[in-house]
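Please examine the structure shown here, together with its sequence, before reading the questions.

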Amino acid sequence: MRFMILVKATAESEADILPSSELIAAMGEFNETLIDAGVMLGAEGLHSSRKGARIKSSGGHITVTDGPFAETKELLAGFWLIQAKDRDEAIAWCKRIPLQDGQEVELRQVFEAYDFPADSLTEQHLRKEQAWRDETQKPLTR
Amino acid sequence: MLLSFAIMTAATQAETHRAITAVWKIEQPRLIAGLTRMVRDISMAEELAQDALLIALKTWPQTGVPKNPGAWLMATAKRRAIDYFRHNKMAARKLEEVGHGIETDTPDTVERLHEALDDEVGDDLLRLIFTSCHPILPPESRVALTLRLIGGLTTEEIARAFLAAEPTIGQRIVRAKKTIAEAHIPFEVPRGPQRAERLASVLGVLYLIFNEGYSATAGSDWMRPQLCDEAMRLGRILARLTPEEPEVHALVGLMEIQASRTNARTNAMGEPVLLLDQDRARWDQLLIRRGLGALAEAERLGGIAGPYALQAAIAACHARARRAADTDWPRIAGLYAILAQVTPSPVIDLNRAVAISMAQGPAPALELVDTIKDAPALRNYHLLYGVRGDLLSKLGRHTEANLEFRRAADLTRNERERAYLLGRAADAG
């Protein structure tokens, strides 16, 4: 299963203050650990909300509000997408993030195919079979 | 009051234990790898790693989880190993037998054991991967041992994933470790001409694990699809340990591109949907991007003609096509032609024929199928007759097509497929 680790914004990240070289090095080391363990699927850092916008639908209209936004604690500053066996493992990885004092991340599980209710598919689909093309993807005997 | 406090404490304690076990599981493969090099015995290494967990469960609730839990666990297990060798001359003698020449109870022993453990841990993990995929073991044992040691799966989890009984898997793992010990398989990364063959065995094990999960349908035990994740994770770990091996990257790419279709390849009833009928909007673009990246790395390393690189390149042709009609069939046919040269197989030729029929039409495809239709390997292969029937029917040769479809229907073990083939036979008249 996959998890997204959402990194909450801080006063510094919202002020576009780049992290110290020590922190960047520590984050790099943490990322390396994730890659070594084969669990890292993706990670990005976000610019401050000053460069962002909010797009909202109300009463049939779309309104756009330019950043920055005030409530720092509810804003995001980045994310990791990881693959873990279970929630316990994901939390164990989160605990290794080099967080600054007071900084917070939020762990969320990503929806997978089997999390969705069965959708409506036609009879035609039900009659289809595992085809020769799936066979092409079978392992070669080596 | 007291009771509820006790319950709360018990709950908190269980939570702490789970958290500590999760940390240990992350470290487990590297722990076992490092310890195996030290004690030259996988079973003992596993026991020492387990000891370290028990000590952590006792210590960490008081001290908190150390900053570098991996190093802590390794140091703890190492101390246990040293204690063990100090107090067990028999074991020490055994250690001597396997070529260490370590004497008991001398400071030198301890020092050397320390030294032995301070080498690169990554190398140890790679040694452990090569050992658990050793060709001396039957393939199903390689799979079980690799999932146990490198994947850190429990015997129960492996049994569930393979729809096997737990004791069966347990015995398989025990026997595999015994075989490795008795054959004195050196704990090493193979070099020279041996390396390619051994690496092929490792890649074969990972792809077997992946395919076992990939053949699972919706509604299967969740452990089965989990095998795909596990195979990809193992592949990524291996790619980090052997960044110069193009086929490792290629296999990772192949698995990621195939896994990108997971959401689309079964319908609401959990039944398979043909690749060309899949809703491509449900393909996982992140996995496609990663897979294409891994394939590009394999090609950059000069591995364009490796068997996994070719299969990944074929999968990539499908991944790049936004609609089924956009598929680059001439390229796929060309890739199958190279694949058939690299790893000759009538099954690959059959797939190549299908690609040719899509690229150029049924006539040249049938020509190719007819060159392989008598291959012994395909005699009872229902897809041969299914494909041949399809080509014949496209060419308007309905009587022959009818025969082929009925032959295919006789051979398949899948009821729904039989119904489909008999339907095609009836259509062909």
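Predicted model: local features only at pLDDT ≥ 70, side-chain atom pairs only at ≥ 80, totals over all residues.

Residues are numbered from 1 along each chain as its sequence is written, chains are lettered from A and ligands numbered from 1 in the order in which they are written, and side-chain values use heavy atoms, with hydrogens and water left out.

Q: What distance separates the end C-alpha atoms of helix α18 (residues 382-394) of chain B?
A: Helices are DSSP runs of H or I with at least four residues, numbered from the N terminus. The expected span of a helix is 1.5 Å times one less than its number of residues, so the 13 residues of α18(B) should span 18 Å. The end C-alpha atoms agree with this expectation, being apart by 18 Å.

Q: How many residues of α18(B) are buried?
A: A residue is buried under 20% relative accessible area, exposed over 50% and partly exposed in between (1.4 Å probe, protein chains only). Among the buried residues of α18(B) are His382(B), Tyr385(B), Arg388(B) and Asp390(B). The helix is mostly covered, and the buried count among its 13 residues is 12.

Q: How are helix α7 (residues 139-149) of chain B and helix α9 (residues 166-182) of chain B oriented to each other?
A: Axes are lines fitted to C-alpha atoms, for helices over the stretch in contact, and angles run from 0 to 180 degrees between N-to-C directions. The axes of α7(B) and α9(B) lie 9 Å apart, at an angle of about 95 degrees. Angles under 35 degrees count as roughly parallel, over 145 as roughly antiparallel, 65 to 115 as roughly perpendicular and the rest as oblique. The two helices, α7(B) and α9(B), are therefore roughly perpendicular.

Q: Which residues is Gln28(B) in contact with, leaving aside its neighbours within four places in sequence?
A: Gln28(B) sits in helix α1 (residues 2-39) of chain B and is buried, with a relative accessible area of 3%. Contact means heavy atoms within 4.5 Å. With those sequence neighbours left aside, the partners of Gln28(B) are Arg148(B) and Gly152(B).

Q: Is Cys133(B) buried or exposed?
A: The relative accessibility of Cys133(B) is 0%. Cys133(B) therefore counts as buried.

Q: How many disulfides are there over all chains?
A: A disulfide is a covalent bond between the sulfur atoms of two cysteines. The criterion applied is a pair of cysteine sulfur atoms within 2.5 Å. Over all chains, the count of disulfides by this rule is zero.
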